[in-house]
Amino acid sequence: MLTQLISKRLTQPLSLPTRLAVLGLLLLAVLWCVWLLRQPSKRAQLRRWSQRFRWNRRRTQIVVALTLACLILTSPPGLALATQALTSQIPADSGAKADAIVILGRGHRFMRDRIDATMSLWQAQRAPHIFVSGRGDAGLLIRQLLENGVPKEAISGENCSLTTEENAQFTADLLLPQNAKRIILVTDSPHMLRSQLTFESLGFEVIAYPSSVPSNLGYRERLNIIAREYGGILSYVLKGRFGEREVAVSRHEPLAAKG
């Protein structure tokens, strides 16, 4: 819509006053250039400026290329391609059973879709236990699971993690000692790839079960989510968080469901 509007405006004929103004500006520019060329000092200054421009040409090309890349990636087609590239790496659900279902919190707006995905897994008897992870979200997720009929004995979690790394570390600290190694991981599809790689690096066998992204998210919010995930993946690669490693020692107590 915006592209069509701009194209329409650009192809409309200019009015007479506008054409006269443009011709006047062009005439002034020509006269200014002639005056510069007739002044020896100005010619030398113009020559120095031209040499500086040639010296900075490589830098200018890099800036222009990065600007164009940002414009393309932040456009609706670019966002769609970036999202597809991120989510297409998620393996399909194998349908296998697991030791636990692990839900990662991501704020209130994502909660309903996570609960729906988890209840679908629970009703299919894919795992005997549900573990929730995330500060500020764990308690709310547990409450909604109880309201949906999941027995409190089948729910536990941790209410301390603030990052994906902490989600994985604190979950591993509490579940791996219970021999709960195969998990079904529930989080939104853009977040799934980084989450799966992080959990697998700590020794989990992960079955990815992505939940939907809320349909009421605006374009800017979706763009921020995708940009955050690409930045997070790059950061985790540089920090070595996707390679096999040991679980950090933690003193967090499990969060039990209260019914």
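**A walk through the chain**

Guide: Let's begin at Ser 201, which is buried, with a relative accessible area of 2%. Keep in mind that this is a predicted model.

Visitor: Which helix is Ser 201 found in?
Guide: Ser 201 is buried because its relative accessible area of 2% is under the 20% cut-off. As for its secondary structure, Ser 201 belongs to residues 189-201, the run that forms helix H9.

Visitor: Which backbone oxygen does the side chain of Ser 201 reach?
Guide: Away from its sequence neighbours within four places, Ser 201 is in contact with Arg 241, Phe 242, Gly 243, Glu 244 and Arg 245. Its side chain, though, reaches a backbone oxygen at 2.6 Å, and that oxygen belongs to Thr 198.

Visitor: How many Å separate the C-alpha atoms of Ser 201 and Ala 168?
Guide: Ser 201 and Ala 168 are 33 residues apart along the chain. The separation of their C-alpha atoms is 9.1 Å.

Visitor: Let's move to Asn 167. Is Asn 167 buried or exposed?
Guide: Asn 167 has its place in helix H8, residues 164-175. Its relative accessible area is 5%, and buried means under 20%, so Asn 167 is buried.

Visitor: Which residue's side chain is joined to that of Asn 167 by a polar contact?
Guide: Not counting residues up to four places away in sequence, Asn 167 touches Leu 104, Ser 133, Gly 134, Glu 158, Ser 161 and Phe 199. A polar contact of 2.7 Å joins the side chain of Asn 167 to that of Ser 161.

Visitor: Is the crossing of H5 and H10 left-handed or right-handed?
Guide: The axes of H5 (residues 76-87) and H10 (residues 219-238) come within 10 Å and cross at roughly 45°. H5 and H10 are therefore oblique to each other. Their crossing is left-handed.

Visitor: Which residues of H5 make the contact with H10?
Guide: On the H10 side, the contact is made by Tyr 219, Arg 222, Leu 223, Ile 226, Glu 229, Tyr 230 and Ile 233. The residues of the contact divide into 10 nonpolar, one polar and two charged. H5 supplies Pro 76, Leu 79, Ala 82, Thr 83, Ala 85 and Leu 86.

Visitor: What value is phi of Gln 125 near?
Guide: Most residues other than glycine have a negative phi. Gln 125 lies in the loop between H6 and strand S2, and its relative accessibility of 58% counts as exposed. Its phi is positive, near 55°.

Visitor: And what value is phi of Asn 179 near?
Guide: Asn 179 is found in the loop between H8 and strand S4. With a relative accessible area of 64%, over the 50% cut-off, Asn 179 is exposed. Its phi is also a positive value, near 60°.

Definitions and conventions. Residues numbered from 1 in each chain as written. Predicted model: local features only at pLDDT ≥ 70, side-chain atom pairs only at ≥ 80, totals over all residues. Heavy atoms only, no water. Helix = DSSP H or I, 4+ residues; strand = E, 2+ residues; numbered from the N terminus. Buried < 20%, exposed > 50% of the residue type's maximum accessible area, 1.4 Å probe, protein only. Contact = heavy atoms within 4.5 Å. Polar contact = N/O pair within 3.5 Å; in protein donor to acceptor, adjacent residues only side chain to side chain. Axes fitted to C-alpha atoms, helices over the stretch in contact; angles between N-to-C directions. Parallel < 35°, antiparallel > 145°, perpendicular 65-115°, else oblique. Left-handed = near helix turned anticlockwise from the far one by under 90°. Nonpolar A, V, L, I, M, F, W, Y, C, P; charged D, E, K, R; others polar.
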